[in-house]
Amino acid sequence: LSTSKVDNSFLQSLDDVFELEKLPCLTQIHAIGPYESLFPFVKSNPIINQLQLTNHGYTSVDIRESNLEKLIIDAEGLEELFLNEGLEELAFVGILSPNLTIHAPHEGRWLTANCSASAPIDCGLNRLGSLHLRSVTELDLNLIVQSFPELRELRIWGKPGTLSNIQSLEQLKELQGLSTYDLFGFEEDQFPGPEKMSNLSWLWMTSLPAEAARYIKSAYKKEVAKGLDLSISKPRKAEWLAENVSNPFRDWDGRDNITAANAKKAVRMYKKMLTMIHSLEEKYKAGAVEVNPTLEIMVTEYTEAFNEMDRKTGFIMTEEREEIYTVLEELLDYAELKLSNVGIDRVDRDKLLETFDALRDF
């Protein structure tokens, strides 16, 4: 009875979504696929404030009569979306359709839109208040400025990524907060000075071109005394970017709890795994190896390498553990892709991940 969140496996156990009325504390629902009664239930229960909906197959979704504060929705195939008055955050999963139209109260003035890679351009959010962009590889900021001229907050995470027309930020007269991470491609004299972004209350830029970092830090230093929350960190030289553009452990460089030596060891292990995967494909063609036993040896070596690092410094916490696991999954994805070239449809991923869990000490 105290349950506040239900997932898709719970929903599948029900004959009717309205059985959820038996849970008086329920506020969040995570659904995968379409459910006939889901939207009527959400609209008739005002304490439901968060809905996550993926693989739904809908072209049109209407939540106007709901009391949702946060909607996470699969963008695949979605062409029309009607939002309710109190919605605070709209997060998209997947690729946005160029035909998407969003009907939002006040044209999104009090809304935060959270998207991956690209923004919902010309979709109806003409007065959008806050925009968060993840996994950006290339972005023309002029397009953002022209589409969302009333932005008060802009946060962008690169993969890493390249920004163009960064000088257009000065046109966002209401901008109060700007955050960038792992974004490059701009020179120091292109970033607007404090006289052109006078409403900023916070400016956080992490992992950016070294020359730009020095200029921005110097130009905005005096604004700190006036109340600006300023953080310019991890300046990167061109050599760093060239070496780390495809390094999934690049965030470890400069992290407080991780030594430079361990950051470099993680990169070397990642590159070694890639080399072994390439070698595995070639050796399999020549009939020299069995795939799954060889992959198990690779996973063992990968896991033991991080065990050894952690034994010496104890730096692997929850965040690092998740990153190590995510990189391993990506490596296995890559191995499956390469091995599909030689006729192998799948590898025993479950067993390999079990090996990782059994061996890891962190």
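**Salt bridges, sheet and backbone features of the predicted model**

R109 is buried, with a relative accessible area of 12%, a value that falls under the 20% limit used for burial. In this predicted model, the side chain of R109 meets that of E174 in a salt bridge, with a distance of 2.8 Å from N to O. Because R109 lies in the loop between β8 and β9 while E174 lies in the loop between β11 and β12, the pair ties together parts that are 65 residues apart in sequence. The contact belongs to a network of salt bridges in which R109, R127, E150 and E174 are linked.

A search of the whole structure finds 21 salt bridges. Among them is the one between R255 and E320, whose side chains meet at 2.8 Å, N to O; this pair links distant parts of the chain, with R255 in the loop between α5 (238-244) and α6 (260-285) and E320 in helix α8 (residues 318-340), 65 residues apart. Both R255 and E320 are buried. Another salt bridge is formed by K70 with E89, where the closest N and O atoms are 3.9 Å apart. Since K70 lies in strand β5 (residues 70-74) and E89 in strand β7, this pair ties together parts that are 19 residues apart in sequence. K70 is partly exposed, at a relative accessible area of 25%, and E89 likewise counts as partly exposed, at 21%.

The protein chain as a whole has 362 residues, of which 46% count as buried, and its secondary structure comes to 9 helices and 14 strands. The C-alpha atoms fill a box of roughly 65 × 65 × 40 Å, taken along the principal axes. An open sheet of 11 strands runs in the order β1-β2-β3-β5-β7-β9-β10-β11-β12-β13-β14, with parallel pairing. Its edge strands are β1 (5-6) and β14 (229-236), each of which pairs on one side only.

Within this sheet, strand β7 (residues 89-93) pairs with strand β9 (residues 112-116) in the parallel sense over 3 bridges, and E89 stands opposite T112 in β9. Further along, β11 and β12 pair in the parallel sense over 7 bridges, with T162 opposite F184 in β12. The pairing of β12 with β13, also parallel, extends over 5 bridges and places T180 opposite M205 in β13. Strand β12 (residues 177-184) is largely enclosed by the rest of the structure, because 7 of its 8 residues are buried.

Several backbone features were also found. Most residues other than glycine have a negative phi, and most peptide bonds are trans. By contrast, a cis peptide bond joins K159 and P160, with omega about 0°, and P160 has its place in strand β11 (residues 153-164). A positive phi, near 60°, occurs at S207, a residue of strand β13 (residues 202-209) that counts as buried at 1% relative accessibility. Phi is also positive at E107, near 55°; E107 is found in the loop between β8 (101-103) and β9 and is partly exposed, with a relative accessible area of 33%.

Key
Residues are numbered from 1 along each chain as its sequence is written. This is a predicted model: local features need pLDDT of at least 70, side-chain atom pairs count only at pLDDT 80 or more; totals for chains, interfaces and linings use all residues. Side-chain values use heavy atoms; hydrogens and water are left out. Two strands pair if DSSP finds at least two bridges between them. Helices (H or I, at least four residues) and strands (E, at least two) are DSSP runs, numbered from the N terminus. Buried means under 20% relative accessible area, exposed over 50%, partly exposed in between (1.4 Å probe, protein chains only). A salt bridge is a side-chain nitrogen of Lys or Arg within 4 Å of a carboxyl oxygen of Asp or Glu.
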